[in-house]
Each structure stands twice: as structure tokens, then as C-alpha cells.
Amino acid sequence: MVDVKKILLVAACALVDRDGRILLTERPEGKSMAGYWEFPGGKVEEGETPEETLIRELREELDIETETACLAPIAFASHSYEDFHLLMPLFVCRKWKGIPRGAEGQSLSWVRADRLSDYKLPPADIPLAAQLRDML
Ligand SMILES: Nc1nc2c([nH]c(=O)n2[C@@H]2O[C@H](COP(=O)(O)OP(=O)(O)OP(=O)(O)O)[C@@H](O)[C@H]2O)c(=O)[nH]1
């Protein structure tokens, strides 16, 4: 039988600060891929656009507010994990209100693009880190 994997649509965001550093968040204990550093974001729920997902996730995860006009799509990941195939548009956001904090207890790190590869990234994110390094 052909192995058909479900496509999982996840929206992710590279928040970029005034010094050009990118925010990574650490996946907490108890979640899949705990200890990996990722871009904030999450699954696109039914009826949401990826931009709406990010506005919601950034509020829930980091306690900051942004808007669609501040989200620029720049790349995507297409990666097969064991249980699903991840399709993940990556947006850049340079403008938001508030100071990002780990509202769900997760650790945060502001990272220069050329240091992203020092972090343990999910396999899907490795090509994205290289693209960000070239683009930012
Ligand atoms: N947010 C985010 N998810 C990523 C990235 N890279 C990557 O492979 N993923 C994967 O995308 C999937 C969906 O992310 P999620 O944050 O909504 O999922 P989760 O495991 O927290 O699910 P849950 O909310 O049901 O507990 C996870 O399997 C996650 O590992 C990334 O850079 N950011």
C-alpha cells in the first residue's frame, strides 16, 4: 500500500529586532521535539489564514501584538517527518507591540542569523536558517 502522509500546515514567524537578531523559542519538556529551538508559530486551524494563525500564536506564546501588514512571507519548509509532512510558510515580522516573553514558560533567545546553526533546530528549519542568513 502507498504510504500517504497527512500534510500539516504550520505558520512560523522570524521576529527580527532592531539589531537584526531573530527570536528562537525552545520547545518545552513534554512536547514532541522537546529541547529543539524553533520559530514561534503553530498549526493553522480551520478557517484561519496563516497570518491569522501567527497573530494568535504570537499573542498566546509571546504576549505581543502584531498585524497582517507587518507579516511578510519569505520562505517555506516542506519536510517529511515520520508521522506527517510539514508544510510551513515562514514570515518575517519587524514590527510588533509589547516585549516578547515566554508566556507558556518557554525559553527565548535572540540570535544573529549567522549563529542560527549553533542551535538545535528541527530538521525542517535547517534550510530556513540558511535562507535567513542569506536574506537578512
Ligand atoms: N512552531 C513551529 N513548529 C515547527 C517548527 N519547525 C517544525 O518542524 N515545527 C513542527 O511543526 C509542528 C506543529 O507545531 P505546533 O507548535 O503547533 O505543535 P505542538 O507539537 O505544539 O502541538 P500541540 O499544540 O498540539 O501540542 C510540530 O511538530 C513542530 O515540531 C518551527 O520552526 N516552528
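**View 1. Residue classes in the shell around the ligand.** The residues of this shell fall into seven nonpolar, three polar and four charged. Here Ala, Val, Leu, Ile, Met, Phe, Trp, Tyr, Cys and Pro count as nonpolar, Asp, Glu, Lys and Arg as charged, and the others, Gly among them, as polar. The model is predicted: local features need pLDDT of at least 70, side-chain atom pairs count only at pLDDT 80 or more, and totals for chains, interfaces and linings use all residues. Residues are numbered from 1 along each chain as its sequence is written.

View 2. The ligand is surrounded by 14 residues, the closest being Glu-38, Phe-39, Gly-41, Gly-42 and Pro-122; a residue is near a molecule if its C-beta atom, placed from the backbone, lies within 6 Å of it. Strands E1 (6-15) and E4 (41-43) each supply at least two residues of the shell, and E4 gives the largest share, three residues. Strands (E, at least two residues) and helices (H or I, at least four) are DSSP runs, numbered from the N terminus.

**View 3. The largest nonpolar core.** Among its 29 residues, Cys-13 and Leu-90 touch the most other members. Such a core is a set of buried Ala, Val, Leu, Ile, Met, Phe, Trp, Tyr and Cys residues joined through C-beta atoms within 7 Å, buried meaning that 20 or more other C-beta atoms lie within 10 Å of the residue's own, with C-beta atoms placed from the backbone. E1 gives the most to this core, with six residues.

**View 4. Contacts of Leu-90.** Leaving aside neighbours within four places in sequence, Leu-90 is in contact (C-beta atoms, placed from the backbone, within 7 Å) with residues including Phe-39, Ile-74, Phe-76 and Leu-128.

Definitions and conventions
Buried ≥ 20, exposed ≤ 12 C-beta atoms within 10 Å, placed from the backbone. Contact = placed C-beta atoms within 7 Å.
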